[in-house]
Amino acid sequence: MSFPLPPRPRRSLEDFGLGRELGDGSLATVRLATEHASGRRYALKMFCRQHLRSNHKDRTGTSPWRSTASAV
């Protein structure tokens, strides 16, 4: 392994096809997502920034939704 490691390409919501809802909670909704390039499936957690701001739990940003992905 060579250092420093090369940067990983950032993915956006446009890189995924959203599937069915897997669950939701007080701060986020989790949906099944398939990455267009590889076909890999992920659980995508989507946070509503407006709700986070109302609870003073948000950092600054531009998108009303923030998502995080983890492999399924």
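Phe16 and Tyr42 are both buried, where buried means under 20% relative accessible area, exposed over 50% and partly exposed in between (1.4 Å probe, protein chains only). This is a predicted model, in which local features need pLDDT of at least 70 and side-chain atom pairs count only at pLDDT 80 or more, while totals for chains, interfaces and linings use all residues. Residues are numbered from 1 along each chain as its sequence is written, and side-chain values use heavy atoms, with hydrogens and water left out.

**Fold**

The chain has 1 helix and 4 strands, in the sequence order β-β-β-α-β. Helices (H or I, at least four residues) and strands (E, at least two) are DSSP runs, numbered from the N terminus. Strand β2 (residues 28-35) and β3 run antiparallel and are joined by 7 bridges; two strands pair if DSSP finds at least two bridges between them. Arg31 has Leu44 in β3 as its bridge partner. The two strands β2 and β3 make a hairpin with 5 residues between them, and Gly39 in the turn has a positive phi of about 80°.

**Core and aromatic pair**

Phe16, Ala33, Tyr42, Leu44 and Met46 make up the largest nonpolar core, which has 5 residues. Such a core is a set of buried Ala, Val, Leu, Ile, Met, Phe, Trp, Tyr and Cys residues joined through side-chain atoms within 4.5 Å. Strand β3 (residues 41-48) gives the most to the core, with 3 residues.

The whole structure contains 1 aromatic pair. The ring centres of Phe16 and Tyr42 are 5.7 Å apart and the planes stand at 90°, so the pair is edge-to-face. Rings of Phe, Tyr and Trp (its six-membered ring) pair if their centres lie within 6.5 Å; planes under 30 degrees apart count as stacked, over 60 as edge-to-face and the rest as tilted. Phe16 belongs to strand β1 and Tyr42 to strand β3, so the pair ties together parts 26 residues apart in sequence.

**Salt bridge**

The structure holds 1 salt bridge, defined as a side-chain nitrogen of Lys or Arg within 4 Å of a carboxyl oxygen of Asp or Glu. Its partners are Arg11 and Glu35, at 3.6 Å, N to O. Arg11 lies in the segment before β1 (16-24) and Glu35 in strand β2, so this pair ties together parts that are 24 residues apart in sequence.

| Residue | Relative accessible area | Class |
|---|---|---|
| Arg11 | 40% | partly exposed |
| Glu35 | 13% | buried |

**Whole chain**

Of the 72 residues of the chain, 15% count as buried.
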